[in-house]
Protein chains: 2
Amino acid sequence: MAEQNLIEQLAGSARRAASILAQTRGEKRNAALLACAVAIRAHKAGLQAANEKDLAAAKGFALSEAMIDRLKLTDDRIESMADAMEQIAAQVDPVGRTIAAHNRPNGLRIEKRRVPIGVIGIIYESRPNVTADAAGLCLKAGNACILRGGKEAVNSNLAIASALREALSSQNLPEAAVTVIDKTDRAFVNDMARAEGLIDLIIPRGGKALIRAVTEAATVPVIKHYAGNCHIYVHGEADLEVAESITINAKCQRPGVCNAAETLLVDTAIAKQFLPRIIPALMDQGVELRCAKLTEDILPFAKGDSDKLKEATADDWGNEYLDLVLAVRVVESIDAAIEHINKYGSGHTDAIITRSMEAAEHFVAAVDSSSVMVNASTRFSDGGEYGLGAEVGISTDKLHARGPMGAEDLTTYKWIVTGNGHIRT
Amino acid sequence: MAEQNLIEQLAGSARRAASILAQTRGEKRNAALLACAVAIRAHKAGLQAANEKDLAAAKGFALSEAMIDRLKLTDDRIESMADAMEQIAAQVDPVGRTIAAHNRPNGLRIEKRRVPIGVIGIIYESRPNVTADAAGLCLKAGNACILRGGKEAVNSNLAIASALREALSSQNLPEAAVTVIDKTDRAFVNDMARAEGLIDLIIPRGGKALIRAVTEAATVPVIKHYAGNCHIYVHGEADLEVAESITINAKCQRPGVCNAAETLLVDTAIAKQFLPRIIPALMDQGVELRCAKLTEDILPFAKGDSDKLKEATADDWGNEYLDLVLAVRVVESIDAAIEHINKYGSGHTDAIITRSMEAAEHFVAAVDSSSVMVNASTRFSDGGEYGLGAEVGISTDKLHARGPMGAEDLTTYKWIVTGNGHIRT
């Protein structure tokens, strides 16, 4: 009950801030973003002092060394946060643009205009820089945001928010445009997800369990950011050199991220040429392979050669290893590859390697994923790589925003109908 | 459990149908729509026989005479359903279009292409023609649909679906592209709303209780179609003739629909001129008025003059009468009008009557509604009037589709990234 009052109070202030932001010009929002960059740099010592508290507490949360490393606000990372604000300020204003306009035969003018969404709740578990990036993108698009990060970064997140609010205030914009909350329990996540009419959109970023909990509880619309089970399909007419370098890049360049490949599908037409080449190459990179039976038939030499070469089980196809592990399967045809991807994939990013335009077009049309790559690594599935500037995340939903989400995806539109006394008969 | 199997089975068939539809050309989908028109006309007698069963059962459901009238499949209404299919076929293909494309400095080609959403569940309570319209729009956009109508129209809905499936089959398209289910209980609505991964979108159309129940249960994304609490604000610089004719049109032309006006806000600057004019005019049309105190101060003559003139209570501002009843309030300023609308309105459609461009722009920017009218009746808020062709409904949500939804709003997009062996470094 007290929590419910808290969300009503926070979201009420955020709504008032959003309604002011919705009426600002792009220049004003950009000036605020530049002021945020200045404030982040000016408060470096304070941010690092707050970060020290989180780092001191990290051991108590049983964080791994890698997680502790990601938590650290180094000089470089603070500079990156400030730099991101400047980059967001430099982007085209996503708000106010007329998307479509026409005059009806009766003389009514119909216009569709981009406007901010309102109040956006972002629930995340990751690095403190997400606080700055998310706030910056919401501000760019004229939205107020309520940010609920993880307990391990709460002091850093609050300190970042404090710097950003000071910057907003210096530009005569309401501080409530950016709110970081220190309630890091699940109950508050539920309150946010159920704040219909107060919060317009919830974006959960993080583990599957968190996203599932938000989706189950939510009455507010949610754009889910599940991780990716990405595939590389090597078609019968693939350039094998391209296939090899893309497979290794997609698996090994950064295996812990959502656009890394998790399954390699090889067309039976080319399996005998490609597998004896790619399997040792992947093993050289330290990749553990989980191969379907058919693969072993084609590759008898590999059986038992290494503890890195295992037989795939049914569980492997749906798995996101986020590690140096790759499932491998030989498929009968392009349609078998498409069927496998649409059945086991997560609709994130899937690639075909082929020299056939026809095969590429068929794959592109039939694979039901947010990004489909032709002769390119799945690792390119990223807002920055697509030219969107900073990204809110990668939506695995189909509605509103699919794939990498930029500032424009944090807007909606309204219809503006202008007459001169028109009535309906 | 049995129900869960049923939804899995139905949605599984629908998904397979959707994946076939997603790869059809627009001409093929249009041919199927024209075949649907032919089938609706050819099955007129059968549709009317099924409709007779519903009409015979209607008394048992305690339907009002008006509801029974809306249930009737007259010759004209069957012709209208067929005609709607032809009109939908004539619309521009919403699928396959490139929305945006550019080349990155590294040579990667990035394209955003419109594609169908997949499987759409529509839950409705209204007239049997919704079955044909919804199926036609889903088919146009390359989606399969699962339609769950109300129990009072179940025989009519099943007969319409049977005609449409026959038409699909005649065009070598899967019958499972259109499924009407005869489970009219709430439990099945829940199963649909929770069929994540099977159904991509649920659109509930109907009463508030139904939409609320779907939203509470849903894990599948929902686009809500709440009814409208629409406002007319008469600004100080309004043309009073325009203000009068629009107010009467917005309230009286068809009071039972969601884009009818429910509250009249009159600027204090013009209240003494406008209220003595509009109040008798509305009362002549049989409208009951619920006036705030301030109005009575301005209009002492009216007090007690008629049982059609009552004092407004706090409940009136949020009410959707859907009847010849109008709440009336004098407001201090345009900002007070905006505040009232954003506080009590439902974000559907709100109008300003003014000769001031500046006031119009301020109102348009600040009112947070899907449609904002300037010197035009709220009754124009409609897909047909906006030139969208047939409409799925009017979304009161902000995400994905806002306001009148046409066939294009039943699509999403995918990113297509083409390289020549690009890897990320």
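Let's start with helix α2 of chain A, residues 26–42. This is a predicted model, so keep that in mind. The helix has 17 residues. From first C-alpha to last, α2(A) reaches 24 Å, close to the 24 Å expected at 1.5 Å a residue.

Which residues of α2(A) are buried? The list is Arg29(A), Asn30(A), Ala32(A), Leu33(A), Ala35(A), Cys36(A), Ala37(A), Ala39(A) and Ile40(A). Look at the spacing as you read it. An α-helix has 3.6 residues a turn, so residues three or four places apart point the same way. And what do the buried residues of α2(A) pack against? Three helices of chain A: α5 (75–90), α6 (129–140) and α7 (154–170).

Next, the core. In soluble globular proteins, nonpolar side chains tend to be buried together. Here the largest nonpolar core has 164 residues. Met85(A), Ile202(A) and Ile202(B) have the most contacts inside it. Take Ile202(B). Leaving aside neighbours within four places in sequence, Ile202(B) touches residues including Gly121(B), Ile123(B), Met192(B) and Val214(B).

Now the contact between the chains. Chain A gives 56 residues, and chain B gives 56 residues. On chain A's side, the elements giving two or more residues are α9 (208–217), α10 (240–252), α15 (357–366), β13 (371–376) and β16 (411–422). Which gives the most? That is β16(A), with 11 residues. By class, the side of chain A that touches chain B has 22 nonpolar, 23 polar and 11 charged residues.

Last, the strands. β13(A) pairs with β16 of chain B, residues 411–422. The sense is parallel, over five bridges. For one of the partners, find Met373(A): its bridge partner in β16(B) is Val417(B).

Key: Residues numbered from 1 in each chain as written. Chains lettered and ligands numbered in written order. Predicted model: local features only at pLDDT ≥ 70, side-chain atom pairs only at ≥ 80, totals over all residues. Contact = placed C-beta atoms within 7 Å. Helix = DSSP H or I, 4+ residues; strand = E, 2+ residues; numbered from the N terminus. Nonpolar A, V, L, I, M, F, W, Y, C, P; charged D, E, K, R; others polar. Pairing = 2+ DSSP bridges. Core = buried A, V, L, I, M, F, W, Y, C linked by C-beta atoms within 7 Å. Buried ≥ 20, exposed ≤ 12 C-beta atoms within 10 Å, placed from the backbone. Expected span 1.5 Å × (residues − 1).
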